[in-house]
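Today's notebook page is about two ligands and the protein around them. Here is the model I had open while I wrote.

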Amino acid sequence: MSTDSSRRIQVPDELKEVLLQFSISYLVEQPPDLLDFAAEYFNKLQANRPTTATDNGADDQISLNSQDGDAEPPIVQSTRRKSVFAEAYDPEADDDDEGATAIFPKTDDQRARLVESVKNVLLFRSLEKEQMNQVLDAMFERKVEPGDFIIRQGDDGDNFYVIESGIYKVYINDKHISTYNHTGLFGELALLYNMPRAATVQAETVGLLWAMDRQTFRRILLKSAFKKRKMYEELLNNVPMLKALQNYERMNLADALVSKAYEDGERIIKQGDAADGMYFIEEGTVSVRMDQDDSEVEISKLGKGQYFGELALVTHRPRAASVYATGGVVKLAFLDVRAFERLLGPCMDIMKRNIDDYESQLVKIFGSKNNITDTR
Ligand code: 1OR
Ligand code: 1OR
């Protein structure tokens, strides 16, 4: 053991996990007072602690792997339930390739409708073609009536659902918090993170859902979805603008991102082009340049944790500037315009404030307002 490594502060997995579990409970319950809630939460946790102290890792592995076995595990008390969100889950070690995936035969019409419904499912983005076909085979249709409870908060997770049609209301502690309108997916959280259902989902109208059972979900989707959320977790936690999002919304954003890399000097955005999405900088630096007479003038440099390309999406105008990779390889996370509109609503005020800032800079740099944001 070198003195260097022994001096480094180790963050125990248990600490991370306890804090994460606490944060999730706090966010889901949204109690009026943080400290009262914390005191009660930790007192309960201590009172319910199992009498035989277990060494943390082993317990996790058993509860996790047993989810993939034949029998569902008995319902565990929520205080003992382990989240797999933190380090406790290692997708590489999750041996989930055994057994055949269920196949639900479909008519041509059904398959076509299913393909249409899953086209925009962000969780499926990083799947290979073959995995995607397995997903299509494994999904089954479920018709719902107005008032049907599809999911009840606190239950163990059974299925995950993609919406073909219908309106669905989401409730947390009986409070209506959001609505799905003929599109989207739900029920992935409990299966991904091995947690109880975080919310209740109830049909408002008749509707059609495509369902996938827990085992298939874990076998096909868990690894790729989990890896992706993990991969972008740090980036998304470090973009100040995204603090306006709920944790859950940030996870959805992670599902939607696509990684792109650019070499030194390569152009990422061309001034005047139509816009197809925006970018977050994972690594490296970009140079923002504007056409001025016959050349380009650098107006700004942006680095890790910053973003660009949002302006044209907000104003519905062509790109206001060109953007180049500088000083080596630049790694970016790209968000396409449809996902942008769906997911970044809560950040719009912050983006608009920053855009106002561009305008005052514009006046300073070019001495006149170059109408980058005027809507004509
Ligand atoms: P689940 O398996 O936990 C309930 O079952 C589902 O409701 C959940 O997966 C999500 O797919 C969906 N927080 C948690 N779950 C939500 C939320 C949500 N919205 C939809 N679901 N929100 C955060 C509230 C603090 C709402 C964000 C707009
Ligand atoms: P976009 O979609 O128009 C080019 O594509 C992007 O460059 C733009 O979104 C912004 O994200 C980014 N003025 C306009 N765009 C800027 C600026 C900027 N800086 C970065 N971008 N100004 C620089 C302010 C320091 C003001 C102009 C001088």
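This is a predicted model: local features need pLDDT of at least 70, side-chain atom pairs count only at pLDDT 80 or more; totals for chains, interfaces and linings use all residues.

Residues are numbered from 1 along each chain as its sequence is written, chains are lettered from A and ligands numbered from 1 in the order in which they are written, and side-chain values use heavy atoms, with hydrogens and water left out.

**Entry: ligand 1**

I listed the neighbours, taking a residue as near if one of its heavy atoms lies within 4 Å. There are 19 residues around ligand 1, and G187, E188, A190, R197 and A198 come nearest.

Next I looked up polar contacts, which are pairs of N or O atoms within 3.5 Å. The side chain of E188 has an N or O atom 2.6 Å from an oxygen atom of ligand 1. For G187, a backbone N or O atom lies 2.9 Å from a ligand 1 oxygen. A polar backbone atom of A198 is 2.8 Å from an oxygen atom of ligand 1. On its own, ligand 1 has 600 Å² of accessible area, and the protein covers 92% of it (Shrake-Rupley method, 1.4 Å probe).

Which elements supply at least two residues each to this shell? I found β4 (167-172), β5 (175-181), α7 (189-193) and α9 (247-256); helices here are DSSP runs of H or I with at least four residues, strands are runs of E with at least two, and both are numbered from the N terminus. β5 gives the most, with three residues. By class, I noted 13 nonpolar, three polar and three charged residues, where Ala, Val, Leu, Ile, Met, Phe, Trp, Tyr, Cys and Pro count as nonpolar, Asp, Glu, Lys and Arg as charged, and the others, Gly among them, as polar.

**Entry: the sheet with β4 and β5**

I followed those two strands into their sheet. It is open, has four strands in the order β2-β7-β4-β5, and pairs in the antiparallel sense; two strands pair if DSSP finds at least two bridges between them. β2 (149-151) and β5 are the edge strands, each pairing on one side only. β4 and β5 are joined by six antiparallel bridges, and Y168 has Y180 in β5 as its bridge partner. In their hairpin, two residues lie between the strands, and N173 takes a positive phi near 50°.

**Entry: ligand 2**

I then turned to the other ligand. Ligand 2 is surrounded by 18 residues, the closest being G309, E310, A312, R319 and A320. The side chain of R319 brings an N or O atom to 2.7 Å from an oxygen atom of ligand 2, and a polar backbone atom of A320 is 2.8 Å from a ligand 2 oxygen. The protein covers 94% of the 580 Å² of accessible area that ligand 2 has on its own.

Which element gives the most to this shell? I found α12 (348-366), with four residues.

Definitions and conventions
A polar contact is a pair of N or O atoms within 3.5 Å; within protein, one must be able to donate a hydrogen and the other to accept it, and residues adjacent in sequence count only if both atoms are side-chain atoms.
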